[in-house]
Amino acid sequence: MERRDFLKSLGVGAAAIALESLPGASLMDAANNPLLIDDSAEKPLPKNTEKLAFGLPDQEAVVSRPVTAIVIGAGSRGSVYAAYSAQYNRALRIVGVADPNPIRRQQMAQAYGIAPEHQFSDWSEVFRLSPFADAVIIATPDNLHYQPCMRALAAGYDVLLEKPIAQTAKECTDILRQARKYGRIVGVCHVLRYAPYFRALKRVIDEGRVGKILSVQHLEPVRFHHMAHSYVRGNWHSAKDTTPIIIAKACHDLDIVRWLLDKPCKKVSAFGSLDFFTRANEPQGATDRCFDCAAEKQCPFSALKIYEREHKYLYVFDALPKERAAKDAKIREYLRTTDYGRCVFRCKNDQCDHYVCNLEFEDHVTASLQVEALTSYGGRKTRIMGSKADIVGDMQTFTLTDFLTGRKYIWDEDISKLPGYEGHAGGDWGIVKDFVLAVANHDEKYLSSTIDVSVESHVMGFRAEEARLRNKIVKL
Ligand SMILES: NC(=O)c1ccc[n+]([C@@H]2O[C@H](COP(=O)([O-])OP(=O)(O)OC[C@H]3O[C@@H](n4cnc5c(N)ncnc54)[C@H](O)[C@@H]3O)[C@@H](O)[C@H]2O)c1
């Protein structure tokens, strides 16, 4: 019997099962149209396994009047937070924008109907006016967080502040003091805390299902192309001008580990260096830009491959035409004129491309954190070792295994049902929701990443970098 006839002789459900076992098979009806397979039915769980059905949150903040906010820095992050207001207009309104880039400024002004007198080309201009909103959203480059935040707090605004809080531990604590002095709320964009996955992880730990945690192993796989884009060619290539990668990338991870353990960190050691994205590793025939390089086609980091052929990270390029040929021409122009077209082995980068950090918390609880450039996959991988159970998770799903019963508890909610789920697994809009609630109710308790707890995990990062550079264990 022909394979197609064989499949036809089965019912669709059965054929679907058969299909899985036939390499290269595709399921067609008699007219050779693809058959729709209903795979929505829940697959039976393996024996002794249970789902953690916590459900997904409602992302809308229910408030008596919309909170108003000014976006300072209308780039990638500023736009993501502002977009919450397009979806939930009764919760948040964007009433001002500051950005020196006229395209971004105008796009935001247009999208949210911002009055001309509330459009600014520099953050400082916002504070020449009397306060005209409840809050500011600070999403400027890393070296422009401290000053706008200090000014905003003094002017009486609550602040949603992008990470890193600031570039030094002292600046971070200055912001904490300023918030206390003026009685204002600062929500730090440790967005992972607001993602359903990490909330569920925190919940099972707080419910005592894991028992006493002894140790955590956490990996942040950056992905080779993301590393090339952000930390070799892009905005965060210089630790000095921004922050070291252990803060710039992994302040989220330090924060998550600190949050899950709910204990202060006592000691830190760290190793790591920039070893791969250097001149010593350039292929034969390399040139300053990928356009002219003899090895371009064999290079996984090629700018032409990442931006032109795969269309990754195009949000950094303003005003790209919609039509394909015009768009590609514009991308090529950007690759000729910006650092995004440079050879990754000939950039001005200094960020470590592999970084290992060991942390000791109160009660001898230990944690290790790795930040790795050279991975094909992303998604934080976390293993938690407790007295009653362990957890293995990859940011999409986690499994808790109870030592006594052998029973497995799986969290694997389909977050694609959550509005705004694309942004940090739902965390981007999750934080905006809680920030809106905190501002509307004048109560920072709605936020889990307040400035106090966020300063603590940032200090862990600054101390880790000190430990790495001085080759010693640093006490906190
Ligand atoms: N929470 C997260 O997960 C996360 C993720 C990525 C980036 N970030 C952080 O968010 C911040 C912004 O990153 P991004 O990717 O949006 O960068 P971006 O370059 O896309 O946006 C920054 C914007 O700030 C504007 N700007 C520069 N100088 C300014 C000034 N003087 N006044 C007002 N605006 C000014 C720029 O023109 C730009 O549009 C950075 O600190 C970054 O580290 C956080």
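**Notebook: a helix pair and a domain contact**

I started with helix H6 (residues 146-155) and helix H7 (residues 169-182), which pack at an angle of about 10°. Their axes run 9 Å apart. I kept in mind that this is a predicted model. Angles under 35 degrees count as roughly parallel, so I logged H6 and H7 as roughly parallel to each other.

Next I listed the residues that meet. From H6 I noted Tyr146, Cys149, Met150, Leu153 and Ala154. Facing them in H7 I found Glu171, Asp174, Ile175, Gln178, Ala179 and Tyr182. I then sorted this contact by class: 8 nonpolar, 1 polar and 2 charged residues.

I moved on to the domains. The domain assignment gives domain 1 as 3-41 and domain 2 as 67-191. Domain 3 comes in pieces, 193-273 + 351-416 + 449-475, and domain 4 covers 279-341.

I looked up domain 2 against domain 4. Their C-alpha centres lie 32 Å apart. The contact takes 4 residues from domain 2 and 4 residues from domain 4. I read a buried area of about 300 Å² between the two, with 45% of it from carbon and sulfur atoms.

Last, I checked for salt bridges between domain 2 and domain 4 and counted 1. I also noted that Arg104 forms a salt bridge with Asp318. Their closest N and O atoms are 3.0 Å apart.

Methods: Residues numbered from 1 in each chain as written. Predicted model: local features only at pLDDT ≥ 70, side-chain atom pairs only at ≥ 80, totals over all residues. Heavy atoms only, no water. Axes fitted to C-alpha atoms, helices over the stretch in contact; angles between N-to-C directions. Helix = DSSP H or I, 4+ residues; strand = E, 2+ residues; numbered from the N terminus. Parallel < 35°, antiparallel > 145°, perpendicular 65-115°, else oblique. Contact = heavy atoms within 4.5 Å. Nonpolar A, V, L, I, M, F, W, Y, C, P; charged D, E, K, R; others polar. Domains from an automatic or database assignment. Buried area = accessible area lost by both parts, 1.4 Å probe. Salt bridge = Lys/Arg side-chain N within 4 Å of Asp/Glu carboxyl O.
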